[in-house]
Amino acid sequence: MPKILIIEDEEAVRENILDLLEAEDFETIAAANGRIGIHLAISEVPDLILCDMMMPEIDGYGVLTTLRQEASTATIPFIFLTAKSAKSDFRQGMDMGADDYITKPFTRSELLSAIMNRLEKYATLKRYLSPQTVIKSLSPKMQLLEISLHRAIKQYNFQEFEIYYQPIVDIASGKIVGAESLLRWQSPELGMIYPTEFIPLAESTGLIIPIGKWVLKRVCKQIKSWRNAGINSLMVAVNLSVIEFNQPDFIHNVVNFISVNNLEPDDLELELTESMIMQDVNSAIATMSKLQSLGVKIAIDDFGTGYSSLIYLKNLPINTLKIDRYFIHNVANDSQKSAIAKALIQMAHNLNLDVVAEGVETEAELGFLRQHKCNSMQGFLFSRPLPAAEFEKFFFH
Ligand SMILES: [Mg+2]
């Protein structure tokens with residue numbers, strides 16, 4: 001829970017605020033004067049400071065001025081508490097960099113809403129600033145990874161990258177109906193690097209934008225060349241990053257790559273995770289609806305591990321549900337997993353969605369999925385992800 005520092009010389013007021021905040025589960029620290037308050041702010045670095053304006057020795061202005069000069073405390077949200085409601089006091093406090101101002105006596109809800117507002121704004125701000133902070137504190141290995149990633153993109157123009165394709169198989173017919181594209185990076189210095197390692201770094205540095213665009217472009221080109229080779233009705237799935245998905249020109253790029261390669265929009269399926277959608281549900285739904293209305297398919301990836309937003313699911317413009325490998329592993333022998341997998345398949349079918357099981361590794365797992373009418377599957381039981389040329393051979397064998 002957020003940590004709040006209360007600097008207030010009147011004991012009754014201080015105790016009252018402490019009780020109130022503790023009842024709301026905030027972590028609290030209290031100071032009876034400005035000097036102790038400054039000391040605690042610097043040593044404890046709270047998430048928010050409530051400070052009385054009128055105090056002997058160092059008053060509220062003095063506390064604020066001192067804390068704004070310290071790097072570690074300069075941005076902590078600061079709310080003045082005051083008995084005065086004079087406009088000049090309010091102005092002076094705000095001019096010195098206070099974030100808000102509450103006049104005593106205040107109600108519980110006034111205090112809480114001021115606190116929540118500030119904490120929310122601060123959290124948003126921190127999220128924007130954190131990528132830079134993260135890079136500064138990167139380990140030597142991560143620094144090397146970052147330098148190599150930069151070079152692989154800007155200098156070597158993606159030559160070290162390759163897209164692998166894992167077949168997606170229709171369970172009833174045994175035919176390959178699709179493929180999930182998976183990015184691999186073969187770095188001369190670092191060896192094979194998986195997306196789980198470099199995607200977070202790409203996201204924090206913004207490199208995810210050129211990477212995502214490159215993947216989409218390459219995949220569309222690949223679908224075209226497979227069509228020319230006689231592979232029809234193969235849907236290729238592309239994993240998206242939330243940053244890429246939220247780019248203003250994202251839809252435009254998708255449409256462009258489809259049209260220059262003469263593809264059908266439903267040759268392409270875009271995979272989103274629950275957490276990506278939940279970050280901003282309304283804007284995500286708007287983008288998804290637009291894509292779907294153009295004919296592009298949308299899948300929810302790794303389903304079941306995130307927010308498990310079953311209620312939202314019915315409002316989402318999606319075509320496919322991909323059940324996370326966690327629920328598939330040992331599903332035939334684990335009664336809890338089998339109950340969940342069964343329910344997910346049934347629910348998806350009620351919503352007219354296709355269901356793909358991820359990470360299928362054994363005949364027993366496949367047997368379970370077949371019995372419960374899961375539409376398709378991918379996993380080592382059928383094939384690992386393959387380079388494009390091998391995928392093509394595999395398709396025709
Ligand atoms: Mg995926």
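In the predicted model described here, the secondary structure of the protein amounts to 17 helices and 15 strands. The radius of gyration is 27 Å, well over the 21 Å that the globule rule gives for 397 residues, so the protein is more spread out than a compact globule. Taken along the principal axes, the box filled by the C-alpha atoms is roughly 85 × 50 × 35 Å. Of the 397 residues, 35% count as buried, and among contacts with a separation of 6 or more, 64% are accounted for by residues 24 or more positions apart.

In soluble globular proteins, nonpolar side chains tend to be buried together. In this model the largest nonpolar core has 70 residues, of which Val 238, Ile 323 and Met 377 touch the most other members. Helix H8, spanning residues 208-228, supplies the largest share of this core, with 8 residues. When neighbours within four places in sequence are left aside, the contacts of Met 377 are with Val 169, Ile 171, Val 356, Ala 357, Val 360, Leu 366 and Leu 369.

Most residues other than glycine have a negative phi, and most peptide bonds are trans. Against this background, the peptide bond from Lys 104 to Pro 105 is cis, with omega near -5 degrees; Pro 105 itself is placed in the loop that runs between strand E5 (100-103) and helix H5 (108-136).

Positive phi values occur at Asp 25, where phi is near 75 degrees, and at Asn 157, where phi is near 50 degrees, each being a residue other than glycine. Asp 25 belongs to the loop between helix H1 (11-23) and strand E2 (27-31), whereas Asn 157 is found in the loop that lies between helix H6 (140-155) and strand E6 (161-170). As for their surroundings, Asp 25 counts as exposed because it has 8 C-beta neighbours inside 10 Å, where exposure requires 12 or fewer. By the criterion of 12 or fewer, Asn 157, with 11 C-beta neighbours inside 10 Å, likewise counts as exposed.

Key:
Residues numbered from 1 in each chain as written. Predicted model: local features only at pLDDT ≥ 70, side-chain atom pairs only at ≥ 80, totals over all residues. Core = buried A, V, L, I, M, F, W, Y, C linked by C-beta atoms within 7 Å. Buried ≥ 20, exposed ≤ 12 C-beta atoms within 10 Å, placed from the backbone. Helix = DSSP H or I, 4+ residues; strand = E, 2+ residues; numbered from the N terminus. Contact = placed C-beta atoms within 7 Å. Rg over C-alpha atoms; globule rule 2.2 N^0.38 Å.
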